[in-house]
Amino acid sequence: MTVRSLGFAIPIPCTMREIGYGAVPRKYDKGEIMGNWLKEMSVILIILGVIVILPSCGDKMDPIAEFDDSGLPDQVTYGENIQTLIEQNCTMCHAQSIQGADRQGAPVGVDLDTFQRAVEWAERSNIRIQAGTMPPAGGLSSYERSLFQKWIDQDLQE
Ligand code: HEC
């Protein structure tokens, strides 16, 4: 089956009804040729549409592209914003003063109870915070996650 109306032969998959016409040469009237042409063009348009739409779906999956800092402080600092967030959500497990079973499995040495230690673990903490896997039970709001992201983006101000 070919696209006759275009004046050259391109093999194109077609409907079962059209296959029936293939064997016996017959005259196509103008309306029928236009109908086939429209069908063929719509298939091409759908394929082009998928090629154009798929990459833009990919953008939406990217958390950085979605990051919205409206409502956040202009300057995020450890003293003003992050210390409280960590004390309310992390140091019950991740502090040097918490030992043994009280750490609830938090690895020894992964402590967040001073500015220096919070900075040392900031990148790993942010990955886990943005993934929603720290604290293990979840519970950080999207505002708190954005706050931590902005602290990182502004180079961990004290
Ligand atoms: C209930 C205890 C608990 C709380 C609260 C908690 N964690 Fe954890 N954390 C763990 C445990 C258990 C592990 C080790 C298992 C794992 O990695 O999932 C861990 C591991 C980590 C690690 C090292 C693992 C890695 O991916 O490098 C970091 C960093 C971390 N937590 C950051 C945080 C931050 C930041 C918070 C607060 C927002 C927090 N945690 C709150 C228990 C806790």
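Helices (H or I, at least four residues) and strands (E, at least two) are taken here as DSSP runs, numbered from the N terminus. Residues are numbered from 1 along each chain as its sequence is written. The model is predicted: local features need pLDDT of at least 70, side-chain atom pairs count only at pLDDT 80 or more, and totals for chains, interfaces and linings use all residues.

The predictor's confidence in each residue is its pLDDT, on a scale from 0 to 100. Averaged over the protein, pLDDT is 81, and 69% of the residues score at least 70. Residues 6-16 stay under 50. For that stretch the model has nine contacts beyond four places in sequence, where two residues are in contact if their C-beta atoms, placed from the backbone, lie within 7 Å.

The protein has seven helices and zero strands. Read from the N terminus on, its elements run α-α-α-α-α-α-α. Among contacts between residues at least 6 apart in sequence, 55% join residues at least 24 apart. Of the 158 residues in the protein, 11% are buried. A residue is buried if 20 or more other C-beta atoms lie within 10 Å of its own, exposed if 12 or fewer, and partly exposed in between, with C-beta atoms placed from the backbone.

The nonpolar core comes next. Such a core is a set of buried Ala, Val, Leu, Ile, Met, Phe, Trp, Tyr and Cys residues joined through C-beta atoms within 7 Å. The largest one has 12 residues: Val-76, Ile-82, Leu-85, Ile-86, Cys-90, Leu-112, Ala-118, Ile-129, Met-134, Leu-147, Phe-148 and Trp-151. Helix 4 and helix 7 (142-153) are the elements that give two or more residues to this core. In soluble globular proteins, nonpolar side chains tend to be buried together.

A residue is counted as near it if the residue's C-beta atom, placed from the backbone, lies within 6 Å of it. The ligand is surrounded by 19 residues, of which the closest are Cys-90, Cys-93, Gly-105, Ser-125 and Met-134. Helix 6 (residues 122-131) supplies the largest share of this shell, four residues. By class, the shell has 12 nonpolar, five polar and two charged residues. Here Ala, Val, Leu, Ile, Met, Phe, Trp, Tyr, Cys and Pro count as nonpolar, Asp, Glu, Lys and Arg as charged, and the others, Gly among them, as polar.

Ser-125, one of the closest residues to the ligand, is found in helix 6. Ser-125 is buried because 22 other C-beta atoms lie within 10 Å. Not counting residues up to four places away in sequence, Ser-125 touches Leu-112 and Met-134. The C-alpha atoms of Ser-125 and Cys-90 are separated by 9.8 Å, although the two are 35 residues apart along the chain. Pro-135 lies in the loop between helix 6 and helix 7.

Another loop, between helix 4 and helix 5 (115-120), holds Asp-111. With 22 other C-beta atoms within 10 Å, Asp-111 is buried. Beyond four places in sequence, Asp-111 touches His-94, Ala-95, Gln-96 and Arg-117. The C-alpha atoms of Asp-111 and Cys-93, 18 residues apart along the chain, are separated by 8.2 Å.

Gln-75 sits in the loop between helix 3 (63-66) and helix 4 (78-89). Gln-75 counts as exposed because it has 11 C-beta neighbours inside 10 Å. When residues up to four places away in sequence are not counted, Gln-75 touches Gln-154 and Gln-157. Gln-75 and Gln-157 are 82 residues apart along the chain, and their C-alpha atoms are separated by 8.4 Å.

The segment after helix 7 contains Asp-155 and Leu-156. Neither is a glycine, yet phi is positive at about 65 degrees for Asp-155 and at about 55 degrees for Leu-156. Asp-155 has 8 C-beta neighbours inside 10 Å and therefore counts as exposed. Leu-156 has 16 C-beta neighbours inside 10 Å, so Leu-156 counts as partly exposed.
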